[in-house]
Amino acid sequence: MSRAHAALMSAMIAAACATGTTPSVPHRARPREVKSNVLRADYAGSAECAKCHRDIADKWLASPMHNMTRVDGVGVSRAPFSGLALRFKDDRVELEEKDGARLVHVHSARFGDSDYRVTRVIGGHHREDYAGVSINGTATTRDELVLPISYLLWSKKFRYKGYSVMSRERPGVAAGPVWSKTCIFCHNTEPYLSDMLGGLVARHPGYQGELVDPLLPIGKRSHVAIDDHAALDAELGEEIKQLTGVHETATGEALAWKAIEATRERFVAKDLVEVGIGCESCHGGSKEHAREPAIKTSLAPHSPGFHFEGATERAELVNRTCARCHQVLFSRYPYTWEGARRDHDPGGSNINSGEGRDFLLGACSKRAACTLCHDPHSPDNGARAAKLETKDGDGVCTSCHANLASETAQRAHTHHDPTRAGGRCMACHMPKKNMTLELGLGRYHRIASPNDPAKMLDRPLECALCHTDATVEKLAADMERLWGKRIDRAVLDGVYGRLDQNVIDVTLARGKPHEQAVAIELLGERRDRRAARAIGVELTNEYPLVRFYAESALEKISGEPSPLDMYAPADELRAAGDAWVAKITRAGSGSP
């Protein structure tokens, strides 16, 4: 390299460090990629990243994602820790602040009394969850446990932890699983080697941080390719020693099993790279880059021992990075979209936090990156999301589908007014039908068409999300007429029973629980008093989350806050719900 060229390189790198940008380097001096970005020794920490990328780091430090896990302390929690927080049938949870500590007192007829000191606050965008340690000796270990309450920031109410997903009714109040065995990976920064261990063995017991690939169709999976068996053994041996203090002599798959076992049983907070989601959770271990900025970071996980084969394009690598955490088919709820089941060729998730995996299922994930719509560094994406709901959002799609950019082309393609909501690309290809953390409906991220054959196995037909007054036959006939794609009536008859029924009504009557939640929310938004009785039945649904959707819908229909104790015994809740529904119905009929 000439002195002049070296000087140019140095100036460019210095400028990049000063401005937080990535340098554009002449071809003959194109920087190398980091040799490894998944091992514990590869990580520098976000503080190192911030030295050069200050503007981005300042935004990131304020973001909900970065603050996903916080060590409890002054100003960390926004919940009122004082008095009764939750009554669940005959059990109760009480909160207290004492000597600078937050305390959670659990009184359970079934599980006994226990007291905990909060050690961590998890979340903070839509709700807060908590982890803590026992302070009265009732726990068998000193583990941090997931505590049985959540604080909903949007409603300023407490909820039984876990009832924001499709879990069934619980018999009583008790602290949940061990935090370091269930929550730690997706909510903090760990070496990515710990995440991908399952890719090294044919079958493995489930553990947090698993690869998304087993939840993808075979043709969309990446797989681990071993480049140097001895190097990989050394990498696994170092991580096992970090967790256990033991030098393992096993090799190959036997050593990988040892690593999985050590990770499941021994990985705790001290073994994290960083509390909370740091820069390197997404960008990979960057110590080499921090030491020498001319060496690029990489979104492709790799080390001297292995790399992943499959994804090669930058968009794919971005999307798989997001899907490391946003892959969740929550709880053990069996059903997914596309009429499938999570235990067999699962379709898309029907609830929040599966968006990354859902996007990988669709047709656009090889060319379009999640970051086209989402800024992961932003403290709040609300304004950006609102803009995407307007005509401006179509530009994301037409950046590839340029033939549909004009209003004339959009009108012909959508058969809707391109200036109105029905003409938006997302209206049909990313419909609002997923359950959100705020009891609403969010966009389903598997990009596809409403008349795809697999969609016929779901309730409701996606066109009914806007056309809520239509029958099954009318929507099927309209889709055939407008887009020329035959829809099998025998399939629809099996799903709906009769084709002359209103799609939303029959979805509520005979849908799976997640489908019922969609119908309930739509009827609530429509303020449909005639549906109050049918919605009221779901106040005792076997899935508590569906009950909350029913309560929220009845609040919208009645225009008054709920009078119900949603954690009362079933008979009490049913009686109170019937009385409230009767009042709503009388008001709708004009009766006194």
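Trainee: What should I know before I start?
Mentor: This is a predicted model, where local features need pLDDT of at least 70 and side-chain atom pairs count only at pLDDT 80 or more, while totals for chains, interfaces and linings use all residues. Residues are numbered from 1 along each chain as its sequence is written, and side-chain values use heavy atoms, with hydrogens and water left out.

Trainee: Is strand S5 mostly covered or uncovered?
Mentor: Covered: 9 of the 12 residues in S5 (112-123) are buried. Buried means under 20% relative accessible area with a 1.4 Å probe, protein chains only. Strands are DSSP runs of E, at least two residues, numbered from the N terminus.

Trainee: How many bridges join S5 to S6?
Mentor: 7, and the two strands run antiparallel. Strands pair if DSSP finds at least two bridges between them. Valine 118 has glycine 132 in S6 as its bridge partner.

Trainee: What about the turn there?
Mentor: S5 and S6 form a hairpin with 3 residues between them. Glycine 124 in that turn has a positive phi of about 155°.

Trainee: And S4?
Mentor: S4 (101-108) pairs with S5 in the antiparallel sense over 6 bridges. Valine 104 stands opposite tyrosine 116.

Trainee: New topic. Which element gives the most to the lining of the second largest pocket?
Mentor: H21, with 5 residues. Helices are DSSP runs of H or I, at least four residues.

Methods: Buried means under 20% relative accessible area, exposed over 50%, partly exposed in between (1.4 Å probe, protein chains only).
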